[in-house]
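Hi everyone, thanks for coming.

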Amino acid sequence: MKLVLNQDTYGAVLREIVPSARRLLWLVTADIKDLHVEGGRKKFVPFLEVLAGLIKEGVEVRLVHAKEPGPRFRKDFDRFPELIGSDLFTRILCPRMHMKCVIADERIAYIGSANLTGAGLGAKSDHRRNFEAGVVTEDRTTIRTLMEFLDAYFLGDHCLKCQRRDVCPDPIA
């Protein structure tokens with residue numbers, strides 16, 4: 001297990017974990033915004049472009065977040081057909097979600113405080129970003145337990161008993 005703080009979160013999550021996914025990438029966050037990351041020949045690209053590229057390569061991507069992102073995110077989202085029409089992409093909106101984790105291929109995970117935003121994970125300067133703390137783990141038991149919880153969530157096990165269904169924009173069950 002490795003502790004990551006502040007700007008080291010960007011490297012751990014966006015340079016190591018996300019690009020290493022070959023079969024499965026789960027992203028869970030309370031907040032997601034129009035995050036831009038280092039990419040290819042362009043200096044920065046929308047994170048959604050990175051996800052679309054993984055889907056094209058056959059990686060199953062699950063994205064869970066708590067609130068509807070803003071119009072810039074929506075505009076970028078709509079540019080990538082892989083995010084709209086692929087069976088390899090699932091997006092769930094849950095107002096109770098406050099977890100932050102990124103899991104690749106059931107073998108490595110980030111668990112911490114950073115949202116999928118510029119201030120949380122992004123490449124903002126040290127003086128403009130949030131203070132973040134998290135861990136990167138390859139501990140199979142920890143990852144398996146986290147994935148079992150998220151699988152139950154995806155199946156709607158928590159949805160039927162949820163006492164916030166009245167404010168839920170998209171109940172699972």
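Buried here means under 20% relative accessible area, exposed means over 50%, and partly exposed is in between, using a 1.4 Å probe and protein chains only.

Before I go on, a word on where this comes from. This is a predicted model, in which local features need pLDDT of at least 70 and side-chain atom pairs count only at pLDDT 80 or more, while totals for chains, interfaces and linings use all residues. Residues are numbered from 1 along each chain as its sequence is written, and side-chain values use heavy atoms, with hydrogens and water left out.

So, which partner does arginine 62 have in a salt bridge? The partner is aspartate 151, and the closest N and O atoms are 3.0 Å apart. The two come from distant parts of the chain: arginine 62 sits in strand 5 (residues 60-65) and aspartate 151 in helix 5 (residues 140-154), 89 residues apart. By salt bridge I mean a side-chain nitrogen of Lys or Arg within 4 Å of a carboxyl oxygen of Asp or Glu. As for helices and strands, they are DSSP runs numbered from the N terminus: H or I with at least four residues for helices, E with at least two for strands.

Now let's step back to the whole chain. It has 5 helices and 9 strands, and from the N terminus on they run β-α-β-β-β-α-β-α-α-β-β-β-β-α. The radius of gyration is 15 Å, close to the 16 Å that the globule rule gives for 173 residues, so the chain is as compact as a globular protein of that length. That radius is taken over C-alpha atoms, and the rule is 2.2 Å times the number of residues to the power 0.38. Along the principal axes, the C-alpha atoms fill a box of roughly 45 × 35 × 35 Å. Of the 173 residues, 48% are buried.

Back to the salt bridges. How many are there by this rule? The count comes to 12. One of them pairs arginine 15 with glutamate 38, with the closest N and O atoms 2.9 Å apart. Arginine 15 lies in helix 1 (residues 8-20) and glutamate 38 in strand 3 (residues 36-38), so this pair ties together parts that are 23 residues apart in sequence. Glutamate 38 is partly exposed, at a relative accessible area of 40%.

Another one joins arginine 107 to aspartate 105, where the closest N and O atoms are 3.9 Å apart. Arginine 107 is partly exposed at 27% relative accessibility, whereas aspartate 105 is buried at 7%. There is also a network: salt bridges that share partners join Asp31, Lys33 and Lys67.

Please keep looking at aspartate 105, which is in the loop between strand 7 (101-104) and strand 8 (108-112). This aspartate has a positive phi of about 55° although it is not a glycine. Glutamate 106, in that loop between strand 7 and strand 8, has a positive phi too, about 60°, and is not a glycine either. Glutamate 106 counts as partly exposed, at 36% relative accessibility.

Next, helix 2, which covers residues 47-56. Which of its residues are buried? They are Phe47, Leu48, Leu51, Ala52, Leu54 and Ile55. They cover an arc of only 160° around the axis, which puts them on the same side of helix 2; the arc is that of the directions from the helix axis to the C-beta atoms. Just after helix 2 comes glycine 58, with a positive phi of about 95°.

Finally, some places on the outside. Aspartate 87 is exposed, with a relative accessible area of 79%, and is found in the loop between helix 4 (81-85) and strand 6 (89-93). Aspartate 87 and valine 61 are 26 residues apart in sequence and 9.4 Å apart in space, C-alpha to C-alpha. Methionine 1, in the segment before strand 1 (2-5), is exposed as well, at 74% relative accessibility.
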